[in-house]
Amino acid sequence: MADIKASIDRKANRRGAARLAAVQALYQMEIGGAGINDVFAEFDSHWLGSEVEGDRYLPAEAEFFRDVVAGVVRDQGKLDPLIDDALSKGWPLKRIAAILRAVLRAGSYELEHRKDVPARVVVSEYVDVAHAFVEKEEAGMVNAVLDQIARRFRADEFARG
């Protein structure tokens with residue numbers, strides 16, 4: 001039983017690292033104009049499971065990372081209006097910091113397409129990612145927006161309690 005829990009914990013940690021890497025990649029693509037293939041190559045060689053600028057990064061689940069990044073790039077035209085609808089009126093997505101846009105896009109993509117991960121886990125994980133970059137108040141906004149989106153895509157999970 002302990003081996004199963006350890007295996008699940010390792011997978012969760014690898015997915016958490018993949019989420020963090022995906023948000024960083026999406027941010028880099030938006031700010032620096034990097035293409036998806038360049039970002040994949042850079043993250044494969046320099047970020048996933050490596051030490052960068054003195055920080056040790058956990059090995060990430062590469063396929064999960066690629067799925068989230070490619071999915072956001074593919075579906076961004078659909079994700080952005082969805083996020084806009086969930087944001088407070090007067091604060092459209094374009095007024096939100098680029099790193100928060102990356103967090104919200106990745107979380108929204110995962111809520112819609114990765115039904116293998118419980119919605120509450122997705123929301124919690126992306127709030128944790130947000131905490132790595134922003135203040136508590138902004139991370140709370142991520143929680144509120146992703147919770148609304150989760151209830152839209154996964155209402156059945158919330159109805160069960």
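Author: Read along the sequence, this chain runs α-α-β-β-α-α-α-α-α, where helices (H or I, at least four residues) and strands (E, at least two) are DSSP runs numbered from the N terminus. It's a predicted model, where local features need pLDDT of at least 70 and side-chain atom pairs count only at pLDDT 80 or more, while totals for chains, interfaces and linings use all residues. Residues are numbered from 1 along each chain as its sequence is written, and side-chain values use heavy atoms, leaving out hydrogens and water.

Reader: Why does Arg 105 count as buried?

Author: Buried means under 20% relative accessible area, exposed over 50%, partly exposed in between, with a 1.4 Å probe and protein chains only. Arg 105 has 9% relative accessibility, so it counts as buried. This residue sits in helix α4 (residues 98-113).

Reader: What makes the Phe 40 and Phe 65 pair edge-to-face?

Author: Rings of Phe, Tyr and Trp (its six-membered ring) pair if their centres lie within 6.5 Å; planes under 30 degrees apart are stacked, over 60 edge-to-face, and the rest tilted. That rule gives one aromatic pair here. The ring centres of Phe 40 and Phe 65 are 5.8 Å apart and the planes are at 65 degrees, so the pair is edge-to-face. Phe 40 is in helix α2 (residues 36-47) and Phe 65 in helix α3 (residues 62-86), so the pair ties together parts 25 residues apart in sequence. Both Phe 40 and Phe 65 are buried.

Reader: How do you know that Arg 66 lies over the face of Phe 40?

Author: A charge sits over a ring if NZ of Lys or CZ of Arg is within 6 Å of the ring centre and within 35 degrees of the ring normal. Arg 66 lies over the face of Phe 40, at 4.8 Å from the ring centre.
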